[in-house]
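Keep the structure open alongside the text.

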Amino acid sequence: MGSVQVSDLKKHLGETVELRGWQYNRRGSGKLLFLQFRDGSGTVQVVVSKKDVPEDVFETAKRIGNESSLIITGLVTEDTRSALGVEVQLKTLRVLQEVHDYPIQITEDVPNIDKLLDVRHLWVRSRTPHAILRVRSEVEQAIRDFYYQRGFVLFDAPIFTPASCEGASTLFEVPYFEDKAYLTQSGQLYGEAGAFAFGKIVVFGPTFRAEKSKTRRHLTEFWMVEPEVAFLELDGIMDLAEEQVRYVVCRVLERCKEDLKVLERNTAILEKVAEPFPRVSYSEMQDVLQKLKAEFAASSDPELVKLSADILKNGLGDDLGAADETAVGLHYKRPVMIHRYPSAVKAFYMKRDPANPDYVLCVDVIAPEGVGEVIGGGQREDNMDLLMKQVEKHAIPLQSINWYLDLRRYGSVPHGGFGMGVERCVQWITGCQHVREAIPFPRTIYRTNP
Ligand code: 4AD
Ligand code: MG
């Protein structure tokens, strides 16, 4: 008898099957034990009945602790109360390793995330992280499919880089033989080279930021997907971003129903991605935020009153703050695209808006429910002289960026793209509290272990 997967059990109704996995949890005692058995593909209830198995099997099943590794056989029977629709009546039990002191207790208590992250290598077996990371896997596959289906070439960017892309203050410097290098903050500059070679490319890989922020949305190592397209201008970039977010969210809604149920995710707000995302300029958004500030201040909800105090704290001409993005989410209740930020708050490569050179042709996609910016991107400065001015203004060492300037010397065309943080996207879709939960082994200012 070959072994079967828990997720396939329904096909084996009425058969005796072998399962390989671990004891997730157990209840019962006297004559009947209910074992939660997991094998990675799912969890099934295994019933151990004293009258149906030899005494030593019953005693073993009663004794072993959670996460003991097991090979069992049993009869698959119908169980309409379980999500799986089946349960297993145990026949034989082989213990590969008996465990008694598994460090994670399964309780109803509010989890202490920090303590659980200390044993992240074990915690990934538990129900909630398991569901979140399955969604992450679907998100990443959906991203790959989306671009592949549209003819984008996958164009891997290097991790060791000579210069900053998003500002020197968050660069990780690493020794590199007799010299030094920096961990990439974004593959975009390389993506631009790829776009001029292939027309449309996508970079997908890990990126690094020495972010001192202790917010619930900052990691020091995160994965970013970065499409870059020749001849694509701001409106087209916004169309692409909107389509991609919609595609990814719909894929998860369609294929991760069970996981979203485990996470008790209210999917109504996710379903709203089907509607067009509002596109509002930074300047127009200032007025919206002024109104929201007044409206929330007058609210009877103390949370909103508190939020109101922080709205527009940064002042006109500055980047939007976390409170602003939260307010935008509360107001529109779906992803919103904010375009044309002041050039002063954005990166050196952004193209000036010909209609008003104080602003740049950029877009941020803001996710609701306090997650904030999930996408940043825009049109790139394609004029050599204007780009040079920005390089000088940002004091970017010429020898590290000269190769990039070649892209403006030899066949420059209008072009652009964006970067989406995979963890922020997963954080929003799963509704997890902190972006740390959206990656198998999070790296933050306080954590590089395990
Ligand atoms: O807005 P950012 O900095 O844009 C870029 O890096 C562009 N070069 C991308 C491009 O146009 N190709 O970062 C893009 C996205 C953010 O919107 C956010 O989702 C994510 O990357 N991100 C982070 N995610 C987790 N932790 C952090 N510290 C992040 N910083 C950015
Ligand atoms: Mg950004």
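In this predicted model, the lining of the largest cavity is made up of seven nonpolar and six polar residues, with no charged residue among them. That makes 13 lining residues, and those nearest the centre of the cavity are Thr161, Ala163, Ser164, Leu189 and Tyr190. The space inside amounts to about 90 Å³. It is one of six cavities of 30 Å³ or more that the structure holds.

The largest share belongs to α13, which supplies three residues.

Next come the strands. An open sheet is formed by three strands, ordered β7-β9-β8, with antiparallel pairing. Its edges are β7 (160-161) and β8 (173-176), each of which pairs on one side only. Between β8 and β9 (residues 179-183), which run antiparallel, there are four bridges. One position to look at is Pro175, whose bridge partner in β9 is Lys180. When following the side chains, recall that in a regular strand they alternate between the two faces of the sheet.

Strand β14 (residues 352-353) runs antiparallel to strand β15 (residues 356-360), and two bridges join them. The two strands form a hairpin, with two residues between β14 and β15. Within this pairing, Asp353 has Asn356 of β15 as its bridge partner.

The last stop is a helix pair. Two packed helices are described by the angle between their axes and by the distance between those axes. How do the axes of α9 and α11 cross, and at what angle? The axes of helix α9 (residues 282-297) and helix α11 (residues 322-332) come within 10 Å and cross at roughly 85°. Because angles of 65 to 115 degrees count as roughly perpendicular, α9 is described as roughly perpendicular to α11. On the α9 side, the contact is made by Met285, Val288, Leu289, Leu292 and Phe296. On the α11 side, the residues are Asp324, Ala327, Val328, Leu330, His331 and Tyr332. Sorted by class, the contact of α9 with α11 has nine nonpolar residues, one polar residue and one charged residue.

Terms used: Residues numbered from 1 in each chain as written. Chains lettered and ligands numbered in written order. Predicted model: local features only at pLDDT ≥ 70, side-chain atom pairs only at ≥ 80, totals over all residues. Heavy atoms only, no water. Axes fitted to C-alpha atoms, helices over the stretch in contact; angles between N-to-C directions. Parallel < 35°, antiparallel > 145°, perpendicular 65-115°, else oblique. Contact = heavy atoms within 4.5 Å. Nonpolar A, V, L, I, M, F, W, Y, C, P; charged D, E, K, R; others polar. 1 Å grid on protein atoms, 1.4 Å probe; cavity = no way out; pocket = protein on both sides within 12 Å on 5 of 7 lines; lining within 4 Å. Points joined across faces, edges and corners; volume = space filled by probe spheres on them. Pairing = 2+ DSSP bridges.
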